[in-house]
Amino acid sequence: MELAIMGSRPAFKEPLYVGQPIVEKKVRDRYFSNMAGVFKRNYFTNNGIMVQKLEMEVAKIHRVKHCVAVCNATIGQMFVLKAFEIKGEIILPSFTFVSTAHACLWQNIKPVFCDIDKRSLMIDLGKVESLITKKTCAVIGVHLFGNVCDVKGLEKICNKHKLKLIFDAAHAFGCYLNNMPIGGFGNAEILSFHATKFFNTFEGGAILTNDSELSNRIKFLRNFGFRGYDDVGYLGINGKMSESSAAMGLASLPSLRTRLERLENNYYSYRKYLNHIPGIELLSVGVSGRSNYQYVVVFVDKEKFRVSRDTLLHVLVKENVFARRYFYPGCHRMGPYNILYPNAYKNLPITEDTAERILCLPTGFKNPQKYVPTIVNIIKSVHENADRILKLTS
Ligand code: T4K
């Protein structure tokens, strides 16, 4: 295959993105109909009926007592930390979206970065205990790329050391561990409903928990700390979800099964075609339960593939395939953590190695046959034309 980097036309006219929102026609129609009701009621935010309905539905799906909808997952995580009055240190992986660490440091809680397990890419249980100090108050596990953390192992450690256990479940809407949906694990789990996620409300998120006291506190925190008219009892802030966002969420719920099928189809299509390229390995998902197949993640072994991950990315972008290096280079190498903890990398060898090899490919196509074989052919051509590509990019 002649590649754009060699002078050919890009394989795709339109850009293909990781995280392109999936909004089926039925969802759009339901959204507009929901919004007609919102305009009729003339009630746009502050715990409206759309938000309340969405909370009930999301709690039901995840089999938890409480769902508190918020404006995004980052604020949601901050609310959980604030509600538990966590201070001191929190152990979390560096291999995550930077918001997981920011939500801690924003409240002057020191993020202590833990390495990840090479296969699952999630926090390495074997290393967590060695990072616990007198100041440690909590551990955050991050369910990544549609897979779920080793919940039992983390619970055991946290129970033993009397630590709170929180899950960043931004990627995990609808994921299962064995036969249990995520949501009720640990003290709280935080979902993201960002536009790029499996389930989106444009911007948004939710805290799932079975802890009624925690849920009540967060409800106050997201509304400036108001306990009633003119009565503020806490240092709250504005973290509310709007009716428009909730209307989008409610419109999407009936289409989740078709969306899951589409993403699953995309994943298996990649798996079928990627099978025979030396140096390209697909991350397995759904290993310990059910995945939402939201991400298609590959690892590039430079020796076997003969071209580095970054050169491959460069070639893909020229073809309008906007793959992404989530979560390169790891939080510990981003500001301000690289300045605060310049030696953190020494304890994070797997994180460092993974961040250099990982690549997320676009997914969510209605008809994967139209896209996936071509994307895979580009990758194959890069390998087959390695010498030429290396000359062109050096
Ligand atoms: N924890 C984890 C593990 C997370 O991954 C995230 C967020 C969070 C916590 C925090 O959740 P929130 O506070 O956001 O609710 C994007 C998302 O903004 C972010 O939500 C997400 N993770 C992260 C993995 O991806 P960026 O900076 O890479 O976004 P951006 O604008 O480059 O968009 C990504 C791709 O999606 C682009 O290639 C274009 C495409 N896109 C994006 C948007 C917004 C679309 O096609 N349409 C769109 O509307 O962070």
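## Basis

This is a predicted model, in which local features need pLDDT of at least 70 and side-chain atom pairs count only at pLDDT 80 or more, while totals for chains, interfaces and linings use all residues. Residues are numbered from 1 along each chain as its sequence is written, and side-chain values use heavy atoms, with hydrogens and water left out.

## Helices H11 and H14

The axes of helix H11 (residues 309-318) and helix H14 (residues 368-384) come within 10 Å and cross at roughly 130 degrees, which makes H11 oblique to H14. The crossing of H11 and H14 is right-handed.

In H11, Leu312, Val315 and Leu316 meet Ile378, Ile379 and Val382 of H14 (contact means heavy atoms within 4.5 Å). By class, the contact of H11 with H14 comprises 6 nonpolar residues, no polar and no charged ones.

## The largest pocket

The largest pocket holds about 450 Å³ of space; on a 1 Å grid over the protein atoms alone, a pocket is an open set of points where a 1.4 Å probe fits, with protein on both sides within 12 Å along at least five of seven lines, and lining residues have an atom within 4 Å of a point. Its lining is formed by 26 residues, of which Phe97, Ser99, Ser192, His194 and Lys197 lie nearest the centre of the pocket.

Helix H3 (73-83), helix H4 (98-105) and strand S9 (188-192) each supply at least two residues of this lining, and H3 gives the most, with 3 residues. By class, the lining of the largest pocket has 10 nonpolar, 13 polar and 3 charged residues.

Conventions:
Axes are lines fitted to C-alpha atoms, for helices over the stretch in contact, and angles run from 0 to 180 degrees between N-to-C directions. Helices (H or I, at least four residues) and strands (E, at least two) are DSSP runs, numbered from the N terminus. Angles under 35 degrees count as roughly parallel, over 145 as roughly antiparallel, 65 to 115 as roughly perpendicular and the rest as oblique. A crossing is left-handed if the near helix is turned anticlockwise from the far one by less than a right angle, and right-handed if clockwise. Ala, Val, Leu, Ile, Met, Phe, Trp, Tyr, Cys and Pro count as nonpolar, Asp, Glu, Lys and Arg as charged, and the others, Gly among them, as polar. Grid points are joined across faces, edges and corners, and a volume is the space filled by probe spheres set on the points.
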